[in-house]
Structures are given as C-alpha cells and as structure tokens.
Amino acid sequence: VRTRPPRKAAAETVRSARGCATIVQALSKTAFNREANPFFFLFPEKPSRTNSGPHIPKHQAEPALPSPNSSILHPGYLKTVAKSVLNRKVYHFTKDFILRRKPYPFSITLNVTTACNLHCSYCEIPTHEKQEPEMDYLVRLARSVGQRAIHFNLTGGEPLLRKDLGTLVDTIKDLPGPTYLTLFTNGKLLSQRKDVVRRVDETFISFDGSRDFHDKRRGAGAFDGAMDAMKTLADMGKTYSATCVLSRGSEKELDFVFEYATKNKFKVGFIPVRVYSRSPQVLDELEPSPDEMHRMIARIMKFPLASNSMPGLEQLAKWPVQPVLTRPCMGGTTFFALEADGRLYRCCERRPEQKVPEPVDPDRALEWIARMPREACTGCWNIEGMEMTMMFALEPRSIRKLIQNARVSHAMRRS
C-alpha cells in the first residue's frame, strides 16, 4: 500500500495552518469595531490608547465605495450568520448537518405567486396557470422552517402583486434568532409598497441594460419601473442589487450596465437566459452564441461590482457545455425551494425527479425537508445553486467574493 510521503503531508499541514492564520488575521483587523465586525462578541472592547477623546472607528474615514483591500464586513448577511452562534440554530446546524450529514434548511426560496405584471420574452412563468398559496399557509410554513433557516428568499412571478405580502415579511422578520430576508422584483410596483420593502434586508431588481433593450426583453415601462425602484430604495437607505439576464444582444449592453452600477454603487449578478426557460423555441431565439457568451464572461470577470464569484464565472465560461460541479451540490441539503403549488424542490431548477411528491404540511415542514430525494445534480446553470455550493465547500475565492459583496452592500447602507 502506497502512503503519502511524510514531507508532503507535513507541507500540506503547514499550508492549511497558514491559511487559517490568514483568515484570523483578516478578522482581527475589524475585531474591535462593533458596527463593522460581525464577530464582535468574540473579542473584548479595545481601550483607547489616549485620553484625547472618544475612539473613532477607522472605517468612518473610508470612502463610500471601499477599495478591494478594505476589511469592512457587511452588518447584514454576514452579521446575521455570525450572530447565530448565540442562537440555537448553530447548535442544530452543527448537530444535524456537520455531524450527522442530514439536510438542514440554511436557505429557502418561497415562490409566493406565479402572477406577474410583465411578460418577459424568456420567462416561462406567465405561461403557467396562476397559483398563489394562501397567506396562512405561508405564515405557518415560515414559522416551521424558521426554527432552523437563516436566509429566506421571496420570489415569483412578481411578489409585490400580493397585497398581503407584508404579513409574510413581518412574520419572517419577527422569528426568533437571526434571519436575512431577500426579495426579487422587477421593481415596477416597489414605490407603492414601501411598507413591505422597509423590512427586507436586500432587494434584487431586474436590470438587463438600456431602456430600449430592457423594455424589448421585459415589456414597455419595465425600465422606468426598475429605475424608479432603485431611486426609491436609495432614498430609503436600503440595500439593493441588480440581476442581469445574459441573452442574445446583451454584449452591447454591458457598458451601460457597468457604468450605471458603478455610478450608483450597487452589485450586479449575471444570469444566463437558460435559467429562466427550457423552451427550444425561446432558446433558439434568445440564447447567445458561445463566442458572445465567452466575450461577455471575460468582461464580467474584470467588473469589480459583479456579484458572481470567479469560480462561478469560470463555470459559465464553459458555455454551452453544461458545467460539472467539482463538489457535491448543496441543493436539497442546505438550500431548498418551495413552489407556489406547495411542492418542495431541491432548488429553483424545479426538476421533477428532485421534489417531494406531495404538498408540504406547513406545520411539519422540517419533516418534509428530511424526506428530500438524495440524488444530487452533477451540474446545472443555476447560478445561486453553484455559488451556495462553493460557499459551503469553503472555496477560497468564493468566500473572498462573498466578503467583497458584503463590503459593497455595507458602503451602500452608509452612503
């Protein structure tokens, strides 16, 4: 039996130790700043070295948009996760997921309606029969899953079409322990629903490019709605990001997207059109050519406000060959998706073979999650799934991008 040479094993151990030391050193830079440091409860307060006045945190002198070398962490998502150390959620996460390797609903996406006020050219949802779970069902399910979940994501259709959406938002934000709530919207109704988005931690707005291109893909008035939504959120001091669908012709729109995002200092997540449609007719008409996709990905890799991590973009660069995950997919293990029909899926891909057959009992949702089929995908175009998988695998570049995204969001809240 061949064994690893002692010198090689020792060298790997040294490299691992150096990596851990680098992480600790990075955290220690913000260890004494309670506003910027999500791990402040692990460190004592740093006394002032002089009596000349109160200690001024270093980050207050930094510009609104941090440099890549800044060590400020976002007090939202990262702080929410870190604060769970003080809550029983981390106990169950450690016991169920880490030690017993059981599914744990760290993140769950709730499709609250299939109704939409737009008709995007690449989206299949408007072609489906309208489905909308009862609010009492969603509230009971949120309370059940909320015993474990940290991240809730509300999507549709257009979630803001639901007049009772504020009830669900309040329920999630009032759950015991830390929760981070995100909302995906086209933005057209956002200025009329300030009461709802006020308690949302981060809002994602559809933004495909210039007025002509955006309205061509999503419908007349869609661009003005997105711009109005961004202005409303900025005036409210809320964190927001954009989602940009990469379709045929998007290459010419990247300059506009980059310039507008840089000017207003928000992140942009880039998603291939194939995520939204599997129709051969739609894909033949709107899917970019391999050369166009490769050129777009090469430019996005150089865009500092792209929320996609470098490993995720490297997967997209394999287009049109479906990327193969180098690590086990976390769909159905740490993140799940509940569709409007009450069916629980491993992720937003909604593959028929990867769901619990019957609708979820809202009061026993954790039992349904434990029954999730264990057959994992080997690869897909679901960007959220790929990013979550690499994050839980502690892929260094994905973790680094997560922290960079958090710094941008924190700067937006302070500006």
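β4 and strand β5 (residues 239-246) pair in the parallel sense, over five bridges. Two strands count as paired if DSSP finds at least two bridges between them. Helices (H or I, at least four residues) and strands (E, at least two) are DSSP runs, numbered from the N terminus. The model is predicted: local features need pLDDT of at least 70, side-chain atom pairs count only at pLDDT 80 or more, and totals for chains, interfaces and linings use all residues. Residues are numbered from 1 along each chain as its sequence is written, and side-chain values use heavy atoms, leaving out hydrogens and water.

**The whole chain**

- The protein chain has 15 helices and eight strands.
- Of its 415 residues, 51% count as buried. Buried means under 20% relative accessible area, exposed means over 50%, and partly exposed lies in between (1.4 Å probe, protein chains only).
- The accessible surface of the protein chain comes to about 20400 Å². Carbon and sulfur atoms hold 54% of that surface. Such areas come from the Shrake-Rupley method with a 1.4 Å probe; for residues, only the protein chains shown count as cover.
- Take the contacts in the protein chain with a separation of 6 or more: residues 24 or more positions apart account for 74% of them. Contact means heavy atoms within 4.5 Å.

**The sheet**

- Eight strands form an open sheet in the order β6-β5-β4-β3-β2-β1-β7-β8, with mixed pairing.
- β6 (267-272) and β8 are the edge strands, and each pairs on one side only.
- Strands of a sheet pair through backbone hydrogen bonds, either parallel or antiparallel.
- β5 and β6 are parallel and share six bridges. Here S241 stands opposite K267 in β6.

**Strand β4**

- Five of the five residues of strand β4 (residues 202-206) are buried, so the strand is largely enclosed by the rest of the structure.
- In a regular strand the side chains alternate between the two faces of the sheet.
- On one side of β4 sit E202, F204 and S206; on the other sit T203 and I205. Every one of these residues is buried, so both faces are covered.
- Strand β3 (residues 180-185) runs parallel to β4, joined by four bridges. F184 stands opposite F204 in β4.
- Towards β5, E202 stands opposite T239.
- Helix α8 (residues 222-236) lies across β4 and β5 and runs at about 160 degrees to β4. That angle is taken between N-to-C directions, from 0 to 180 degrees, with axes fitted to C-alpha atoms, for helices over the stretch in contact.

- Strand β7 (residues 335-338) is covered on both faces. F335 and A337 are buried on one side, F336 and L338 on the other.
- Strand β1 (residues 107-111) pairs with β7 in the parallel sense over four bridges. I108 stands opposite F336.
- Strand β8 (residues 344-345) runs antiparallel to β7, joined by two bridges. A337 has Y345 as its bridge partner in β8.
- Five residues lie between the strands of the β7 and β8 hairpin, where G342 takes a positive phi near 90 degrees.

**The nonpolar cores**

- A nonpolar core is a set of buried Ala, Val, Leu, Ile, Met, Phe, Trp, Tyr and Cys residues joined through side-chain atoms within 4.5 Å.
- The largest core has 68 residues. L110, F152, L154, L165, L168, V268 and F270 touch the most other members.
- Helix α4 (residues 135-145) gives the most to this core, with seven residues.
- Another core, of eight residues, lies apart from it; among its members are F106, I150, C347 and M388.
- Beyond its neighbours within four places in sequence, L165 has contacts including V112, M135, L154 and V196.

- R218 lies in helix α7 (residues 211-218). R218 is buried, with a relative accessible area of 6%.
- The R218 side chain makes polar contacts with the side chains of Y122 (2.9 Å) and D208 (2.9 Å). A polar contact is a pair of N or O atoms within 3.5 Å; within protein, one must be able to donate a hydrogen and the other to accept it, and residues adjacent in sequence count only if both atoms are side-chain atoms.
- A220 sits in the loop between α7 and α8. A220 is exposed, with a relative accessible area of 69%.
- A220 touches K188 and D215, not counting residues up to four places away in sequence.
- A220 and H119 are 101 residues apart in sequence, yet 9.7 Å apart in space, C-alpha to C-alpha.
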